[in-house]
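Have the picture ready as you read.

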Amino acid sequence: MSTTRPYPPGDLGPDSGNAGAAAVSPAPVPAGQVRRLRLAGARGAVARGRDFARQALHDWGWLPAAGADQRAAAEDVLLVVSELVTNACLHAEGPEELRLRCNAKVLRLEVTDLGTGSPAPRTPHRAGRPGGHGMFIVQRLCLDWGVVRNPDGAGKTVWAELAAPS
């Protein structure tokens, strides 16, 4: 789990005053936007999750991207969705649900599954070897990420937060 940020999940800290903001900004996102996609038993869960996230990004004004920074932010979101859903498919009996929570500063991705394990970046990370890069990618692209166990029994939610494009 990441501990790289001194602020609680969802808080990016003090506003930087929009230094370096792009000339064109995405449309403002209504506070507390949440999208849910049920994936339990679904075939093609990774592609479905990515398509679902792409549509949400389009609805929230991230796509089509007005510039390179916005395009990179959207691509990062789609990559992290792919990695989290893939991990649930490979290591946790498949994903149950994908949730996207968005506000003006942060997009939080959540994938629930019934698995008992905990994801972690492989250490040491060996870039030249196939496989084992998913959580390393998530750790590198996200502001923070973590795991919340289901208090009612088996399963967990793996979450990751990315900064909204400026």
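## Helices and a pocket

Helix α1 (residues 45-59) and helix α2 (residues 68-91) have axes that come within 9 Å and cross at roughly 150°. That makes α1 roughly antiparallel to α2, a label for angles over 145 degrees. The contact between them is made by Ala45, Val46, Gly49, Arg50, Ala53, Arg54 and Leu57 of α1 and by Ala74, Val77, Leu78, Val81, Ser82, Val85, Thr86 and Cys89 of α2.

Some ground rules: this is a predicted model in which local features need pLDDT of at least 70 and side-chain atom pairs count only at pLDDT 80 or more, while totals for chains, interfaces and linings use all residues. Residues are numbered from 1 along each chain as its sequence is written, and side-chain values use heavy atoms, with hydrogens and water left out.

Helices (H or I, at least four residues) and strands (E, at least two) are DSSP runs numbered from the N terminus. Axes are lines fitted to C-alpha atoms, for helices over the stretch in contact, with angles from 0 to 180 degrees between N-to-C directions. Contact means heavy atoms within 4.5 Å.

α2 also packs with α3, and there Asp76, Leu79, Val80, Glu83, Leu84 and Asn87 in α2 meet Gly134, Met135, Ile137, Val138 and Leu141 in α3. The table sets out both pairs.

| Helix pair | Axis distance | Angle |
|---|---|---|
| α1 and α2 | within 9 Å | roughly 150° |
| α2 and α3 | 9 Å | about 145° |

Which helix gives the most to the lining of the second largest pocket? α2 does, with 7 residues. A pocket here is an open set of points on a 1 Å grid over the protein atoms alone, where a 1.4 Å probe fits, with protein on both sides within 12 Å along at least five of seven lines; lining residues have an atom within 4 Å of a point. This pocket is lined by 23 residues, and Asn87, His91, Pro119, Ala120 and Met135 lie nearest its centre. At least two lining residues come from each of α2, β3 (106-113), α3 (134-141) and β5 (156-163).

Finally, look at two loops. Pro64 sits in the loop between α1 and α2, and the peptide bond from Leu63 to Pro64 is cis, with omega near -5°. Glu93 lies in the loop between α2 and β2 (95-102), and its phi is near 65°, a positive value in a residue other than glycine. Most residues other than glycine have a negative phi, and most peptide bonds are trans.

How values were computed:
Parallel < 35°, antiparallel > 145°, perpendicular 65-115°, else oblique.
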